[in-house]
Amino acid sequence: MSPHLQIWRFHFTMFSSIMHRITGSAAVGGVVLIAAWLVCLALGRETYTVFLQYASTPLGLLVWFGLSLAGFVHLGGGLRHLIWDTGASFELKKANALTAWTFALGIILTLAFWAVLFATGKVSL
């Protein structure tokens, strides 16, 4: 067992680091789905229609919502790291507050993105 496990405690910035890795991996899954969408688009109307039928089901919309949430949370984590790269906000309270703001930013951007999609009629249930 690693010696650091006896002295390291779980904390919010550690959780955000783990989530940054998870959301980055999920973003790769999103890239694969976007590539599948483009391939279906290139293969013709029938294939593209089948893809859209699956993508527009409630389960498909849940997957797209999750991918957009992962993308925006990952973006927030990237911005947090950019701020930390300047040497700012390393104090414990500031680091925790910045971490909370990055999660809030990811959630707000995701909800705003989907609100626009629904409001413009691009997506419907």
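Residues 24 or more positions apart account for 65% of the contacts in the protein chain that have a separation of 6 or more, a contact being heavy atoms within 4.5 Å. The model is a predicted one, in which local features need pLDDT of at least 70 and side-chain atom pairs count only at pLDDT 80 or more, whereas totals for chains, interfaces and linings use all residues. Residues are numbered from 1 along each chain as its sequence is written, and side-chain values use heavy atoms, with hydrogens and water left out.

The protein chain contains five helices and zero strands, in the order α-α-α-α-α from the N terminus. The radius of gyration is 19 Å, well over the 14 Å that the globule rule gives for 125 residues, so the protein chain is more spread out than a compact globule. This radius is taken over C-alpha atoms, and the globule rule is 2.2 Å times the number of residues to the power 0.38. Along the principal axes, the C-alpha trace spans about 60 × 40 × 25 Å. Helices (H or I, at least four residues) and strands (E, at least two) are DSSP runs, numbered from the N terminus.

The accessible surface of the protein chain is about 8,800 Å², and carbon and sulfur atoms hold 75% of this area. Areas were computed by the Shrake-Rupley method with a 1.4 Å probe; for residues, only the protein chains shown count as cover. Of the 125 residues, 24% count as buried. Buried means under 20% relative accessible area, exposed over 50%, and partly exposed in between (1.4 Å probe, protein chains only).

Helix 2 covers residues 12-43 and includes I18, as well as H20. The relative accessibility of I18 is 37%, so I18 counts as partly exposed. Together with F10, F12, F15 and I22, I18 makes a nonpolar surface patch of about 450 Å². Patches are made of residues with over 30% relative accessible area and no salt bridge, like charges being joined within 9 Å and nonpolar side chains (Val, Leu, Ile, Met, Phe, Trp, Tyr) within 5 Å. H20, in contrast, has a relative accessibility of 19% and counts as buried. With neighbours within four places in sequence left aside, the contacts of H20 are H74, G77, G78 and H81.

The loop between helix 4 (58-85) and helix 5 (92-119) holds S89 and F90. S89 has a phi near 65°, a positive value in a residue other than glycine. F90 is exposed, at 53% relative accessible area. Beyond four places in sequence, F90 touches W84 and A95.

One salt bridge is present in the structure, defined as a side-chain nitrogen of Lys or Arg within 4 Å of a carboxyl oxygen of Asp or Glu. The salt bridge joins the side chains of E91 and K94, with an N to O distance of 3.9 Å. Both partners are partly exposed: E91 has a relative accessible area of 46% and K94 one of 49%.

N96 lies in helix 5 and is partly exposed, with a relative accessible area of 26%. Apart from neighbours within four places in sequence, N96 is in contact with F12 and T13. The C-alpha atoms of N96 and L62 are separated by 29 Å, these residues being 34 apart along the chain.

T110 is also placed in helix 5, and T110 is buried at 0% relative accessible area. Not counting residues up to four places away in sequence, T110 touches F65, S68, L69 and F72. T110 and F65 are 45 residues apart along the chain, and their C-alpha atoms are separated by 7.8 Å.

Eight aromatic pairs were found in a search of the whole structure. Among them is the edge-to-face pair of F113 and W114, at 6.0 Å centre to centre and 90° between the planes. Rings of Phe, Tyr and Trp (its six-membered ring) pair if their centres lie within 6.5 Å; planes under 30 degrees apart count as stacked, over 60 as edge-to-face and the rest as tilted. F113 is partly exposed, with 36% relative accessible area, whereas W114 is buried, with 8%. Ring pairs link F113 and W114 with F65, F72 and F118 into a cluster.
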